[in-house]
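Student: Can you walk me through this one? I'd like to go from the overall picture down to a few individual residues.

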Amino acid sequence: MKVIYSPQLMEEAAFRHLNHLERSGYRADYDEYHSLADPIYELPEDDREIAFEKVNKIFFIERLKLGDHVLRALEAVGLIPKRKRATRKAQLTAAALELDEAPGELAAEMGESSASIHNVPGMEGDSDEISSDDQLDPPTDNDSQIEGNTEDDKDNGEDVDDSVVAYDMIREFEERINEVHVKRAINKVDEGSNVLNRISGRPMIEMRVLASRFCNPEEAQELDAFLIQEFMHAKDMVDPEFDYEDAFIPGNPSVKNLITARFRLLWNIYVDSRLARTGIISTMPREARYREFDNFYRKIPEKQRRGIFEGIWQADKFTHEELLSMATDLESLMSKYVDDVDISEEERDYIHLQGSPCPLCKFPTYNWVDDPESICDEMVIEAIQIDFPDWENKDGGCDRCIEVYELRAGV
Ligand SMILES: [Zn+2]
């Protein structure tokens, strides 16, 4: 698998990160960046872009290790095999000692004499990983912005520890994703990921992320959670068992939006619950996710609502189709997680499940008026009851019918 970062992302992320370090009193990397970047303005105009890209890449990937967030997230969700920390660490310590003895060597590579290359205090939570494989392994690609996942076959013969137990399974996934493109998002709405070429057999993840997320090391956990959340969705999309399909969602735009929003929520819960079981922190704590769920399903009585959420949270596996049908049709969600005995006939009647028929026009209804009396004139209620003598206020109606009867009643 290849991970490719766009020049725009590397530029802005490195720039912001360095500025943040500088403001926090760590000038070394900042100064070094400028000592390399500033002379580029002396170059002929045509050569500048490539020269800047080179410097940005060195800082994004090697010096500031910002690409490690992406690699760690891919590792966490199992899209690439876990690197073996223990053995690596020993090698790294040895390598770091060598570096300490001969600081000139690495600096020479940069044509620069700064000795303080890694080890910005407090920069990363896990400073034991100051050096990554990418730096130790011989470069496999030329000077494009490619950071290969350098762990291929060579781990196979080595001692096996916990981190490689699921290697075969993970490897399958690794082969399903061909490339990961990480690009700069323009704004928050632009952020997110998608799997391209899913059908053609060379699937590629396109991830858009705000460069500002790379700026502050204290927000690294949020960045990691965001990347993991997105990669989990991408992983589902290439998992044959999940069986993702670009489904057609029926209905008018507001129905579509509602179903799409509910589908997204259910999928997020499915992602969160799996992460929670493996001890990975998600973008949102469970209670916050429940509140979101709460908002969408207010009409279901509290006890049953809890039960449904709990049921989804505990579920081991969902398919795309199951999630979508639960999002489309509340009845299927209810029947799956709520025992009939749990909910009285009367309660069930009153819920006005989205998608169930309006008692007046009989059309599947997503926008209910639960309590027409509270918003309509008495004349409207009377007009409805002339046509439907058995109808009571608590039966409610779709917003269109209520509107029609408002017109008829002349209010
Ligand atoms: Zn109606």
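Tutor: Here is a short tour, from the whole chain to single sites.

Tutor: Some ground rules: this is a predicted model, where local features need pLDDT of at least 70, side-chain atom pairs count only at pLDDT 80 or more, and totals for chains, interfaces and linings use all residues. Residues are numbered from 1 along each chain as its sequence is written, and side-chain values use heavy atoms, with hydrogens and water left out.

Student: Okay, what does the secondary structure of the protein chain come to?

Tutor: The protein chain has 18 helices and nine strands. Helices (H or I, at least four residues) and strands (E, at least two) are DSSP runs, numbered from the N terminus.

Student: And how much of the chain is buried?

Tutor: Buried residues make up 46% of the 411 residues. Buried means under 20% relative accessible area, exposed over 50%, and partly exposed in between (1.4 Å probe, protein chains only).

Student: What about the accessible surface?

Tutor: The accessible surface of the protein chain is about 21,300 Å², and 51% of that belongs to carbon and sulfur atoms. Areas come from the Shrake-Rupley method with a 1.4 Å probe; for residues, only the protein chains shown count as cover.

Student: Switching to the metal: which residues are the protein donors of the zinc ion?

Tutor: The SG atoms of C358, C361, C398 and C401, lying 2.2 to 2.3 Å from the zinc ion. Donors are N, O and S atoms within 2.8 Å of the metal (3.2 Å for Na, K and Ca); water is not among the atoms, so sites may look incomplete.

Student: Why is the arrangement around the zinc ion tetrahedral?

Tutor: Because the four donor atoms subtend angles of 104 to 115 degrees. Four donors count as tetrahedral if all angles lie between 85 and 135 degrees.

Student: How are the donor residues spaced in sequence?

Tutor: The pattern is C-x2-C-x36-C-x2-C.

Student: New topic, helix α2. Which of its residues are buried?

Tutor: In α2 (residues 28-37), the buried residues are D29, Y30, E32, Y33, L36 and A37. They sit on the same side of α2, because they cover an arc of only 165 degrees around the axis; the arc is that of the directions from the helix axis to the C-beta atoms.

Student: What do they pack against?

Tutor: The buried residues of α2 pack against α1 (7-23) and α3 (45-63).

Student: And where is I40?

Tutor: I40 is in the loop between α2 and α3, and is buried, with a relative accessible area of 5%. Leaving aside neighbours within four places in sequence, I40 is in contact (heavy atoms within 4.5 Å) with R48, A51, F52 and V55.

Definitions and conventions
Tetrahedral: all angles 85-135°; square planar, octahedral: opposite > 155°, others 65-115°.
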